[in-house]
Amino acid sequence: MNLRIVGGHIVDPGRFDGPGDLLVVDGRIAAVTPPGGLPAAGPCRVIDARGKIVTPGLIDLHVHLREPGFEHKETVATGCLAAASGGFTAVCCMANTRPVNDSPRVTEFILARAAQAGLARVYPVAALTLGLEGRELCDYAALKAAGAAALSDDGRPLLDSQLMRAALERARELNLPVISHSEDPFLAANGVMNEGPTARELGVTGIPNAAESIMVEREIALAELTGAPMHIAHVSTRESVRALREAKGRGVPVTAETAPHYFLLTDEAVRRHGADAKMNPPLRSEADRLAVRQGLADGTIDCIATDHAPHAPAEKAAGLAQAPNGIIGLETALPTSLALVADGTLSLAGLIAKMSVVPARIFGLPCGLQAGLAADITLIDPDREFTIDPSIFKSRSRNSPFVGMQVKGRAVMTIVGGKVVFEC
């Protein structure tokens, strides 16, 4: 059905910010006009967007959908439903499945599951190396032909710098972005949370900031050497922010993301939430949290992703030392990130840019509210107040340190290709 979205405030970053109406015909945006200016278009569903923000569909560059192989944590279908309920029209899913997404067969399987679900768009991120083992590059051309949108050994940092150089050079030829999980696993070995007073008081091994920043520096050096774009995942430390700022200042083709937990929480959250506040990289100090926020404000950090990493409750209940790393985030990212607007760190348009058009630009994906583009649209009620409650999560998992948090603002409608896939 065609759609007329009327009475809302349209925020299409860099293009339009103000009251307006939007027409969707045959799954594509047909017109964006001042209030009351839409042309006739035959039978339409009219969506009253008064009091709502109408934005390009949100895009998450970093999620774990777990399928194939770990369906007890999440499936493509449940992950896409969680994405839609969080306002995301597209997600990029990492390769650490079982089997690993290092072949066209697995890429095609994920895309087939996404098509069956018919919810958010899924862009598979294929492995850099076979089996994520860091020894032999995958066939990037074949993976791209099958539908891979980017490359990463996420969670298993590629330590061989010569091999990473070769990966960057090959990926550049194919115009495939490379994502780095920047971590020195020798420095991080056996670490449970951030190295600092809280870890010492809890009696657990800490992970120093240098475990991340050393590898960020290496990735910057390789991007500078090869001229190939490098995207740094989940930035958490002040040293990384500083290195990225300096690199961008001299024109290195590097981009970066962070996640809401890194600009809202510190390692103190582990006291209250235990393993539900355990992730990799870990929550850091207050100085790091503030540096990440400043990096978002000044553009050093380009975008916000979730690193949505579902785990079954029994896995997270194994205790802080034994529990796996990771938290879910698709359903909490927008309301928690809106805190950056409330406190003046970002404008509303700036936040929407970091969750839609900027990630799209980094990965070369379509995004925006211009006529002719696919109608991927998010409607946000900025005044909707609620308590984050895991009982209403669409994800198969519940591992979140934001449970119980009072938030304001949420996605109330998500439209993908002109189809309403979520509304509340």
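The largest cavity holds about 50 Å³ of space. A cavity here is a set of points on a 1 Å grid over the protein atoms alone where a 1.4 Å probe fits but cannot get out, and a volume is the space filled by probe spheres set on the points, which are joined across faces, edges and corners. The model is predicted, so local features need pLDDT of at least 70 and side-chain atom pairs count only at pLDDT 80 or more, while totals for chains, interfaces and linings use all residues. Residues are numbered from 1 along each chain as its sequence is written, and side-chain values use heavy atoms, without hydrogens and water.

There are three cavities of 30 Å³ or more. Residues lining the largest one, with an atom within 4 Å of a point, include His-181, Glu-183, Asn-280 and Arg-284.

A pocket is an open set with protein on both sides within 12 Å along at least five of seven lines.

| Space | Volume |
|---|---|
| Largest pocket | about 490 Å³ |
| Second largest pocket | about 290 Å³ |

Of the 19 residues lining the second largest pocket, Asn-175, Leu-176, Pro-177, Ile-362 and Phe-363 are the closest to its centre. Helix H4 (161-174) is one of the elements that give two or more residues to this lining, and H4 gives the most, with three residues. Helices (H or I, at least four residues) are DSSP runs numbered from the N terminus.

The largest pocket is lined by 25 residues, and His-64, Arg-66, Asn-96, Gly-155 and Asn-325 lie nearest its centre.
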